[in-house]
Amino acid sequence: ASLRAAHSLKGDAGFLGLTNIQRLAHAIETILERYRGSKAMSASIVDSILFGRDRLISLIDDLDNSQRIDVS
């Protein structure tokens, strides 16, 4: 997941009223911003980003139910 992709997805989801996707993309974007330019990222941070990415894919694949899924 790249910072630009997370940022674009956040904006697009917000425009479409897909608030869960927007919130999750924002969380991923925040993590990526925090580590921008950093050479090292812990395994737990990488795992969190990948988990978030997988969750985003699931939400996008099921837009009709995406608002009912807990993304906290």
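This note sets out the main features of a predicted model of a protein chain.

1. Overall fold. The protein chain contains three helices and zero strands. Followed along the sequence, these elements give the pattern α-α-α. The radius of gyration of the protein chain is 12 Å, close to the 11 Å given by the globule rule for 72 residues, so the chain is as compact as a globular protein of that length.

2. Dimensions and surface. Along the principal axes, the C-alpha atoms of the protein chain fill a box of roughly 40 × 20 × 15 Å. The chain exposes about 5000 Å², and carbon and sulfur atoms supply 55% of that area. Of the 72 residues, 25% are buried.

3. Contacts across the sequence. Among the contacts in the protein chain with a separation of 6 or more, 59% are accounted for by residues 24 or more positions apart.

4. Geometry of helix α3. Helix α3 comprises residues 43-61, 19 residues in total. From its first C-alpha to its last it reaches 27 Å, close to the 27 Å expected at 1.5 Å a residue.

5. An α-helix has 3.6 residues a turn, so residues three or four places apart point the same way.

6. The largest nonpolar core. This core has 13 residues, of which I21, L24, I28, L32, I49, L56 and L59 touch the most other members. Helices α1, α2 and α3 are the elements that give two or more residues to the core. The most is given by α2, which supplies five residues.

7. L24 as an example. L24 is one of the core residues that touch the most other members. With its neighbours within four places in sequence left aside, L24 is in contact with G52, R55, L56 and L59.

Note on methods: Residues numbered from 1 in each chain as written. Predicted model: local features only at pLDDT ≥ 70, side-chain atom pairs only at ≥ 80, totals over all residues. Heavy atoms only, no water. Helix = DSSP H or I, 4+ residues; strand = E, 2+ residues; numbered from the N terminus. Expected span 1.5 Å × (residues − 1). Core = buried A, V, L, I, M, F, W, Y, C linked by side-chain atoms within 4.5 Å. Buried < 20%, exposed > 50% of the residue type's maximum accessible area, 1.4 Å probe, protein only. Contact = heavy atoms within 4.5 Å. Rg over C-alpha atoms; globule rule 2.2 N^0.38 Å. Areas by Shrake-Rupley, 256 points an atom, 1.4 Å probe, with all protein chains shown as cover.
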